[in-house]
Amino acid sequence: MSQVQGNETVKLHYTGKLNDGQVFDSSVEREPLEVKLGEGRLIPGFEKGLVDMKVSEKKTITIPKGEAYGEVQKELFQKIPNENLPQEIKPEVGMGLVSKNPDGTERQLRVADVKDDFIIVDANHPLAGQDLTFELELLEIK
């Protein structure tokens, strides 16, 4: 039986959990994930966890934050004066916002704090600073 070497296209089901057991993402109730390894589309620890797996194998891996979304970076927090926000927005902590960069690309932000005259937004990935656990089931190696 062949094993994942690290450069194939694989099809798998996964369930991602935080340290407290909360599920943050899962493919189990939808189509399996199909991805070509080695292209940088997966977090490094997830891809490493697939290497040497066999078809139909199930395993649980824990990915340290350094091989997931990294540490929370303080420089990715920014103060935005209320006058710079669209009038129709009533910011709340946890609310997602989108900012357009000068080159036209978009950046996902999350409201971290709301003050009287400004808000603080966080551009870190929502899972930054956390170790992640994934339950994997390899369905196919192409």
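Predicted model: local features only at pLDDT ≥ 70, side-chain atom pairs only at ≥ 80, totals over all residues.
## Annotated domain

An unreviewed UniProt entry lists residues 7-81 under "domain: PPIase FKBP-type".

## His13 in strand S1

His13 sits in strand S1, which covers residues 9-17. The relative accessible area of His13 is 16%, and because the limit for a buried residue is under 20%, His13 is classed as buried.

A polar contact of 2.9 Å joins the side chain of His13 to the side chain of Ser27. Leaving aside residues up to four places away in sequence, His13 touches Ser27, Val28, Arg30, Glu31 and Pro32, and also Glu135, Leu136, Glu137 and Leu139.

## Thr133 in strand S9

Strand S9, residues 132-141, contains Thr133. Thr133 has a relative accessible area of 18% and is therefore buried, given the limit of under 20%.

With residues up to four places away in sequence left out, the contacts of Thr133 are Thr15, Gly16, Lys17, Thr60, Ile61 and Thr62. Strand S1 (residues 9-17) includes Thr15, Gly16 and Lys17 from this list, while strand S4 (58-63) includes Thr60, Ile61 and Thr62.

## The largest pocket

The largest pocket holds about 290 Å³ of space. It is lined by 15 residues, of which Ile80, Val98, Ser99, Leu109 and Val121 are the closest to its centre.

Three strands each supply at least two residues of this lining: S5 (77-81), S6 (96-100) and S7 (106-114). By type, the lining of the largest pocket consists of 11 nonpolar, 2 polar and 2 charged residues.

## The second largest pocket

About 220 Å³ is the volume of the second largest pocket. Its lining includes the aromatic residues Tyr14, Phe24, Phe46, Tyr69 and Phe134. Leu33, Leu42, Ile43 and Leu127 also line this pocket, as do Asp25, Arg41 and His125.

Sorted by type, the lining of the second largest pocket has 9 nonpolar residues, 1 polar residue and 2 charged residues.

## The loop between H1 and S4

Asp52 and Ser56 both lie in the loop that runs from helix H1 (44-50) to strand S4 (58-63). Most residues other than glycine have a negative phi. Phi of Asp52, however, is positive, near 80°, and phi of Ser56 is also positive, near 75°.

Asp52 has a relative accessibility of 46% and so counts as partly exposed. Ser56 counts as exposed because its relative accessibility is 57%, and the exposed class begins over 50%.

## Asp116 between S7 and S8

The loop between S7 and strand S8 (118-122) holds Asp116. Asp116 is exposed, since its relative accessibility is 73%.

Asp116 and Asn82 are 34 residues apart along the chain, and their C-alpha atoms are separated by 8.2 Å.

Notes
Residues numbered from 1 in each chain as written. Heavy atoms only, no water. UniProt positions renumbered as here; feature names shortened; annotations may be inferred. Helix = DSSP H or I, 4+ residues; strand = E, 2+ residues; numbered from the N terminus. Buried < 20%, exposed > 50% of the residue type's maximum accessible area, 1.4 Å probe, protein only. Polar contact = N/O pair within 3.5 Å; in protein donor to acceptor, adjacent residues only side chain to side chain. Contact = heavy atoms within 4.5 Å. 1 Å grid on protein atoms, 1.4 Å probe; cavity = no way out; pocket = protein on both sides within 12 Å on 5 of 7 lines; lining within 4 Å. Points joined across faces, edges and corners; volume = space filled by probe spheres on them. Nonpolar A, V, L, I, M, F, W, Y, C, P; charged D, E, K, R; others polar.
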